[in-house]
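Try each task yourself before you read its solution.

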Amino acid sequence: FSSASTLVQRNPSFSTLNSDDISYFKGLLGEKSVIQDEDRLETVNTDWMHKYKGSSKLLLLPRSTEEVAQILRYCNSRCLAVVPQGGNTGLVGGSVPVFDEVIVNVSSMNNIISFDKVSGILVCEAGCILENLISFLDNQGFIMPLDLGAKGSCQIGGNVSTNAGGLRLVRYGSLHGNVLGLEAVLANGDVLDMLGTLRKDNTGYDLKHLFIGSEGSLGIVTKVSILTPPKLSSVNIAFLACNDYSSCQKLLIEAKRKLGEILSAFEFLDTEAMNLVLHQLDGVRNPLPASMHNFYILIETTGSDESYNREKLEAFLLSSMEGGLISDGVLAQDINQASSFWRIREGVPEALMKAGAVYKYDLSLPVEKMYDLVDDMRIRLGDLAKVVGYGHLGDGNLHLNVSAPEYDDKILEQIEPYVYEWTSKHRGSISAEHGLGLMKANKIYYSKSAETVQTMASIKKLLDPNGILNPYKVLPHSLNS
Ligand code: FAD
């Protein structure tokens with residue numbers, strides 16, 4: 001675990017929970033929604049990677065926006081710090097307390113409020129689990145515009161708060177485009193009703209965007225309205241091998257040009273990532289076992305005409321094979337094979353977790369430079385650790401992961417600040433999609449100017465003057481109290 005006290009000091013202006021506070025919350029929410037049980041607290045104090053751990057004594061489970069508002073109004077008046085938590089699948093230490101913050105989870109707010117089959121607009125409460133929304137929409141003939149490996153646990157409120165990218169961004173764009181409206185509760189308990197369902201609405205500042213990706217630091221998201229695309233009948237998945245990174249890049253360019261409107265995912269993993277998945281996860285096998293390849297690419301196409309789409313994909317694969325861009329490949333023949341291909345790509349984070357300690361970096365970089373960083377890191381680390389590269393190549397998003405049997409300062413010293421300096425030098429982003437959380441709050445200047453960060457701090461001060469919402473996260477510690 002990263003010891004919180006070595007990263008940051010507890011803000012002394014925050015109060016400590018007392019028995020009157022507990023009585024107030026029990027009166028408001030009822031006994032069952034005020035959790036003090038040690039086992040449950042252990043779970044919600046610990047992040048998905050088992051890297052960050054807080055010491056909160058209280059988990060609150062509100063069932064309505066009004067209850068969230070009353071919780072925050074009370075915490076603000078008492079100066080009690082709060083961590084909004086969703087499915088707790090975040091990867092930057094943002095969803096767990098650093099010290100004794102009260103955890104508020106809207107998991108009981110999991111109703112679908114409305115779905116309009118004509119427009120495809122879904123309105124739901126923020127505690128809905130992404131996979132449940134995917135199943136609901138599937139029955140209606142629609143899909144969610146986002147999909148990610150953590151779908152079984154993450155909540156739509158958490159997805160919105162992290163501006164999660166995921167596996168379909170290359171086709172449907174980011175949540176800044178797909179979220180049409182939301183409802184959020186501010187630190188003082190005021191409810192901002194921005195739950196519009198309009199595609200176009202240029203009436204003043206579009207404040208919902210402040211909450212998309214602000215990682216619970218500006219308010220608690222309680223409802224979301226989201227534009228969902230129709231489910232198309234033809235989905236095809238190819239699992240391909242490339243000899244070198246330059247071929248992966250060329251394949252991406254070709255795929256954008258030749259598959260065009262039907263391309264719905266373009267993911268990659270290197271041979272280290274494949275080896276980890278094969279060794280760590282049960283029942284996974286390499287669909288291209290003839291020899292170990294240096295890189296693997298997963299391409300998904302989605303369209304409305306099966307024979308046209310299949311033909312298009314096959315022609316693309318043939319020309320890529322003839323042009324020497326791919327060294328081997330296989331097209332999924334049925335849904336089971338398709339899921340087994342996705343399992344490999346989606347299983348990488350889980351495999352890394354099982355392998356021991358993992359240092360995770362989620363970077364946006366120019367595609368042509370991206371893999372140079374993985375190579376550089378391998379040279380720097382030598383035998384100290386394994387360096388794994390995978391991610392959303394179609395979006396210019398590299399997940400650089402360093403895997404070792406256990407956390408070790410010697411390893412960290414080789415990685416940081418080198419990885420951030422390298423990214424900054426190439427005008428990349430030190431957080432493509434996971435956010436800053438606690439892990440990267442102090443690193444924000446590698447990707448944002450001082451003036452921009454100062455303006456963010458002013459917005460934070462305006463919306464949360466006491467700084468009770470997710471303290472120590474997102475903004476640098478010098479501006480965060
Ligand atoms: P949490 O982890 O609980 O919280 C994340 C942040 O949002 C915290 O700062 C928290 O305070 C805040 N928050 C949560 N709920 C609310 C709310 N209702 N109101 C205000 N703030 C809130 N991310 C990607 O972008 N793309 C991926 O492909 C991807 N794949 C992943 C695969 C795996 C296996 C895992 C474990 C994670 C992956 N992630 C990915 C990380 C991603 O950020 C989360 O999975 C997801 O978006 C977080 O949702 P959550 O409900 O778990 O939120």
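**Exercise 1: a residue and its surroundings**

Setting aside residues up to four places away in sequence, N76 touches A187, N188, N466 and I468. This model is a predicted one.

Task: Find the helix that holds N76, and decide whether N76 is buried or exposed.

Solution: Start with the helix: N76 belongs to α4, which covers residues 65-78. Next, take the relative accessibility of N76, which is 16%. The cut-off for buried is under 20%. N76 therefore counts as buried.

**Exercise 2: reading a sheet**

Task: Work out the order of the four strands in the open sheet, and say which strands stand at the edges.

Solution: Going across the sheet, the order is β1-β2-β4-β3, with mixed pairing. The edge strands are β1 (34-35) and β3 (82-85); each has a single partner strand, so one side of each has no neighbour in the sheet. Now look at how β3 pairs with β4 (residues 102-105): the two run in the parallel sense, over four bridges. As an example, P84 has V104 in β4 as its bridge partner.

**Exercise 3: exploring the core**

Task: Which residues touch the most other members of the largest nonpolar core, and which helix gives the most to this core?

Solution: This core has 119 residues, and I156, L251, I297, L393 and L400 touch the most other members. Helix α15 (residues 367-381) gives the most, with seven residues. Apart from this core lies another, of 26 residues, including I237 and V358. Finally, pick out L400: leaving aside residues up to four places away in sequence, its contacts include Y359, L373, M377 and V419.

Methods. Residues are numbered from 1 along each chain as its sequence is written. This is a predicted model: local features need pLDDT of at least 70, side-chain atom pairs count only at pLDDT 80 or more; totals for chains, interfaces and linings use all residues. Side-chain values use heavy atoms; hydrogens and water are left out. Two strands pair if DSSP finds at least two bridges between them. A nonpolar core is a set of buried Ala, Val, Leu, Ile, Met, Phe, Trp, Tyr and Cys residues joined through side-chain atoms within 4.5 Å. Buried means under 20% relative accessible area, exposed over 50%, partly exposed in between (1.4 Å probe, protein chains only). Contact means heavy atoms within 4.5 Å.
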